[in-house]
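Let's take a friendly walk through a sheet, the helices that cross it, and a cavity. Have the model open as you read.

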Amino acid sequence: MSRLSVGSPVTARELAAVGGPPVPVPDPERLVHLQFRRFAGCPVCNLHLRSVTRRHAEIEAAGVREVAVFHSPAEELLPYAADLPFAVVADPDKRLYREFGVEAGRRALLDPRVWGPILVAVSRSAVRVALRRDRTPAARQPHGRLGLPADFLIAPDGRVVAAGYGRHAYDQWPVDELLALAAEARRAAPVA
C-alpha cells in the first residue's frame, strides 16, 4: 500500500453515502475532508465525530465538505449515520482504504496516547447504550478493530492539499487543524 501525499491526484468518483445522495469526490465547488475511521459504533471514532458534528457549521462555512468512511457494511452504519450532518460511506471491502494507503495495526490501540481517549470514549458509549441512545457495535468486525485513522483534504481539481495518517486510533485532525488546513489551501489556490 502506498501512501498519498500533498499533490497526489485523486480519481474523480461518486461515493455512495449511507442513507443519503451520492457524494462527488472531488467536489467541484468545495474542498473535501475525506476521513477514514474504523467500524460502525467504534467508541473512539464516535468521540471524534461528535466534535466534528458540534462544529459542522464552521466546517461548511470554511468551504469544506465532510465525508467519513468506515470499513463496515452500510446496514451496520445506517443507525449511526442517521444522527450525523455529513456523508458517511461504507467501504466493507476496504477498496478506498487500500487506494489511499490507510493501514491497520496493533499500535492503533497499544500506543499510550490513545488510552485516555479510549477510556473517555468507552465510558460515554456505555452511558449512551444504557440510556438507549446508542447500540453496541457488532461483536465481530470483519476487518478487525485495529484500524488507524487517516485524513485527506482534497481540492476541487482532485489534488490532495493535505494528508494525515494516524499513528494510533485517536490520531486524527482536530477541527481547528482542519479549519487551518482549509484556510491555507484557500490562500494557496482559491476555491470557488
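Here is a short report on the sheet, its helices and the cavity.

This is a predicted model, in which local features need pLDDT of at least 70, side-chain atom pairs count only at pLDDT 80 or more, and totals for chains, interfaces and linings use all residues. Residues are numbered from 1 along each chain as its sequence is written, and side-chain values use heavy atoms, leaving out hydrogens and water.

Five strands form an open sheet with mixed pairing, in the order S5-S4-S3-S6-S7. Strands here are DSSP runs (E, at least two residues; helices are H or I, at least four), numbered from the N terminus, and two strands pair if DSSP finds at least two bridges between them. S5 and S7 are the edge strands, each pairing on one side only. Ignoring direction, neighbouring strands are turned by 15° against each other on average. S3 and S4 run parallel and are joined by six bridges, with Phe-36 opposite Val-69 in S4.

| Helix | Residues | Lies across | Angle |
|---|---|---|---|
| H1 | residues 43-54 | S3 and S4 | about 165° to S4 |
| H7 | residues 175-188 | S3, S4, S6 and S7 | about 145° to S3 |

The structure holds one cavity of 30 Å³ or more. On a 1 Å grid over the protein atoms alone, a cavity is a set of points where a 1.4 Å probe fits but cannot get out, and lining residues have an atom within 4 Å of a point. Points are joined across faces, edges and corners, and the volume is the space filled by probe spheres set on them. The largest cavity has a volume of about 30 Å³, and its lining includes Arg-3, Glu-103 and Tyr-165.

How values were computed
1 Å grid on protein atoms, 1.4 Å probe; cavity = no way out; pocket = protein on both sides within 12 Å on 5 of 7 lines; lining within 4 Å. Axes fitted to C-alpha atoms, helices over the stretch in contact; angles between N-to-C directions. Contact = heavy atoms within 4.5 Å.
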